[in-house]
Amino acid sequence: VLDEPSARRGSGVRVAAKTPVEERGRVLRSRALGGAGVLEQQGSWSSRIPGEQFSSSSVHQFLGVVSTEQWSSWSLAQMALRFILVCAALLGVSGSLAEDLSCEFLAGVAKTPGSNTIYLSPLHPGQFTTKNANSPDATLRFVMDYSDDPQFANVAPLDVPGAVFQSIPAGGMDVADAFRTDGQNSVKAGRFVYIKESAPGQEFHFPQTRQLRPGRVYYFRNYVVHGTCVSPPVETHATFPSEVATTPVSALSQGLPSMPLGLAVTGVARDRLEVAWEAPLNSGDGTELGMAVDYVVTVTAQPDASTGGLLLHHDAGDAQQPSAVQAGTAASFLLEQGQRYRVDVAARNYFGAAETSPVASLLARPVGEPGRVARLHLAINPANSTNATGNSLGVLSWGSPLDTGVGPA
């Protein structure tokens, strides 16, 4: 018996000839109830038997899932076929028929209403994150295809059961030979396979061996493999794309920003350095302004080239100043006069908790005006010449100041 509420929700039921039931919905389950077989429909089915499209407005008989007025139109062969299929499902017969039945009753990827199955994680730049509502089951392989082509024309054919389905690590794995790239070796399409074993809300991040191109839109399809069975069947993926579609069906790839540009010293004083830079060309989505970006600026004292040590008031504990986060593209620091510093500036976006952009660096040190010259001396006739011009010659000399601008010598 097909239960009445499910029948009202469905768009009709048909019975397949070669394969008993071809699922077109989210879930198709078979269970025993008082010794009778029960089919529960959540979605719509289709048939390959011509002329057997039935209304779902009434309760249907199980063997034919048809209304009573159509029962009389069945041939004896049709009735016998349905009886055999039911017996095979309930008794678990062996052989190709049982295998076909097990494939038909293999459910696809389950979704939680109102929740995305594809999203970005702040700890995984250049990747997508996925999760589903299926219960953990070590016998099921979940497959995620992704492509910049909404028709998935550049996705490699599925090899089931290929070697990749035999040994899959806990976090899932990329199918290496499924990657498709462009002329810049940027990923255009790929396949990720994972096993859900720990918890219903387990997350998986893909791809794992490469990063996606920021700013590229990727489309997804997600399905289940069990042995040689694929649900929904591969041949239906193009015809019924909604059955393998994720939520959302596509997403924009985002990653780390590129390096800040043009880092330079813009101001110097006895105890101060001022630096400025320009925004990176790529904020993380392939555009300069597409993602919000701030900057992490770090200043580190550098050892003296000749002595290998730091100046006074510095030791290993305070060689690096606390990093400062700047919303703008300039920074100023109070520092030790004459000490050489390395200034590092990195851009940070949504993925900043995981990593920043490549670092722009420069070396600089605070300097001030030099002190007074030392030992200023004017010598008249320093050679003690006795000729008439001796006393008309004078030599002015001086020594270097104690502070040349980098602090006392």
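The link of Cys103 and Cys229 is left-handed, with -70 degrees about the S-S bond. Here a disulfide is a pair of cysteine sulfur atoms within 2.5 Å. By this rule the count comes to one disulfide. The S to S distance between Cys103 and Cys229 is 1.9 Å. Cys103 lies in helix 4 (residues 96–104) and Cys229 in strand 13 (residues 229–231), so the bond ties together parts that are 126 residues apart in sequence. Helices (H or I, at least four residues) and strands (E, at least two) are DSSP runs, numbered from the N terminus.

This is a predicted model, in which local features need pLDDT of at least 70 and side-chain atom pairs count only at pLDDT 80 or more, while totals for chains, interfaces and linings use all residues. Residues are numbered from 1 along each chain as its sequence is written, and side-chain values use heavy atoms, with hydrogens and water left out.

How exposed are the two cysteines? Buried means under 20% relative accessible area, exposed over 50%, and partly exposed in between (1.4 Å probe, protein chains only). Cys103 is partly exposed, at 22%. Cys229 is buried, at 5%.

**The cores**

A nonpolar core is a set of buried Ala, Val, Leu, Ile, Met, Phe, Trp, Tyr and Cys residues joined through side-chain atoms within 4.5 Å. The largest one has 20 residues. Those with the most contacts inside this core are Ile118, Phe128, Tyr146, Phe192, Phe206, Tyr218 and Phe220. At least two core residues come from each of strand 7 (141–147), strand 10 (187–194), strand 11 (204–206) and strand 12 (217–226). A second, separate core has 18 residues, including Leu263, Trp277, Val343 and Ala364. In soluble globular proteins, nonpolar side chains tend to be buried together.

Which residues does Ile118 touch? A contact means heavy atoms within 4.5 Å. Leaving out residues up to four places away in sequence, the partners of Ile118 include Phe128, Met144, Phe206, Phe220 and Ala251. Thr246, Thr247 and Pro248 are also among them.

**A sheet of three strands**

Two strands pair if DSSP finds at least two bridges between them. Strand 15 (residues 261–269) and strand 16 (residues 272–278) run antiparallel and are joined by six bridges. They form a hairpin with two residues between them. Ala269 stands opposite Arg272 in strand 16. Gly267 has Glu274 of strand 16 as its bridge partner.

The open sheet has the order 15-16-19, with antiparallel pairing. Strand 15 and strand 19 (330–334) stand at the edges with a single partner strand each, so one side of each is left without a neighbour in the sheet. From one strand to the next, the twist averages 20 degrees. Axes are lines fitted to C-alpha atoms, for helices over the stretch in contact, and angles run from 0 to 180 degrees between N-to-C directions.

**Backbone details**

Pro207 is in the loop between strand 11 and strand 12. Pro232 lies in the loop between strand 13 and strand 14 (245–252).

Asn381 is not a glycine, yet its phi is positive, about 50 degrees. Asn384 also has a positive phi, near 55 degrees. Asn381 sits in the loop between strand 22 (374–380) and strand 23 (394–399). Asn384 is in the loop between strand 22 and strand 23 too. Are they buried or exposed? Asn381 is buried, with a relative accessible area of 8%, whereas Asn384 is exposed at 63%.
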